[in-house]
Amino acid sequence: MPSSRASAPSPAPPLRLPLPPPPHVLLLPLLPPDHSSFHILLTHACSQPFDPSPTHIAPVHQVLDLMSSSTYRPNKASIDLAVRALCAAGREDDACRLFERWPAKYSHSPDRFTYNFLVRRLCRTREVSTVYKFIDSVRNSGGPMPDIVTYTILIDCVTQSKNLREATRLLAILNESGFKPDTYLYNTIMKGHCILNQGGEVIEVYRQMRENNVEPDLVTFNTLVFGLSKAGRVSEARNFLDKMAQMGHFPDTVTYTSLMNGMCKKGEALKAVDLLKEMELKGCEPNECTYNTLLHGLCKSRDMEKSLELYGVMKEGKMKLESASCAVLMRALCREEKVAEAYEVFDYAVD
């Protein structure tokens, strides 16, 4: 039976406003990557920490292959950046392999600066025999040949390890290769003889230097004075103060302090004090090391009056009292039964 009520009308559909037109999109032109872009990727690939898996070097080669397929082929800046990044990540072996294979793969030799950087890095982190193998491998692969900088790095390395026989052999090879040793190289060898307390050999290196017409510098004379003083040949070291002045190299604080140290070791602390006065008259200012050297020598010679006088000068100038000088002064005061003064010295050293 039909309902007496009329059916309700259906609701009207919502009013739909037209959408605004889409905003204008600015399309930028595609820009090809350049060397800088590839080098950023290369740095990131090389900076990953060392991984012993066989594929750990793959990302580096992927970036280099990508560069090779573009118009920006790997260049000398690319290999330099890669070698330095690999070394910074502790991956020296990977850096060596990349360097050795570079000429064959990319048809040009790496830069000599990169070569010497890698040699220096290997000298710091590997055995010398490993460095020699790398140099031979690079030579056989058509890479850079060792130059005077390379030999200087090697000589400095073996000198630091006190292997002066090998340093002499490298110096002979340097001469055979047509390179003339320079002042820095001679200074390096002299420094090695000083480490071994070989005063006679220091003089011999200086003579060779003069025979080969290589001019000594201030470092040369400071090394001579230090080596001779350390070996107890104080009078010879003293003579070089006049020689270096004649050649235009005036003694500095290092020169005088080295000579004073040698005098004090020979028991000539009072002569060292006289040298201090001469030093100041010539306008050369002593430093904390100079005063500590003298204080140590005066205490060893049991000259308490001069020791306390010098200590007073140091205290007035608020100079640092080194451990050795502090210990020997305190022992000297205790020996003289001046325990209160020894405590005062200890408190000053701590402060």
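The model is predicted, with local features requiring pLDDT of at least 70 and side-chain atom pairs counted only at pLDDT 80 or more, whereas totals for chains, interfaces and linings use all residues. Residues are numbered from 1 along each chain as its sequence is written, and side-chain values use heavy atoms, with hydrogens and water left out.

The mean pLDDT (the predictor's confidence in each residue, from 0 to 100) of the protein is 86, and 89% of its residues reach 70 or more. Helices are DSSP runs of H or I with at least four residues, and strands are runs of E with at least two, numbered from the N terminus.

Residues 147–181 are 74% helix and 0% strand, with end C-alpha atoms 11 Å apart. For residues 252–286, the chain is 74% helix and 0% strand, and the corresponding distance is 9 Å.

Helix H7 (residues 148–160) packs against helix H8 (residues 164–176) at about 170 degrees, with axes 8 Å apart. H7 is therefore roughly antiparallel to H8 (an angle over 145 degrees). Axes are lines fitted to C-alpha atoms over the stretch in contact, and angles run from 0 to 180 degrees between N-to-C directions. The contact (heavy atoms within 4.5 Å) involves, among others, Ile148, Tyr151 and Leu154 of H7 and Leu164, Glu166 and Ala167 of H8.

Technical notes
Parallel < 35°, antiparallel > 145°, perpendicular 65-115°, else oblique.
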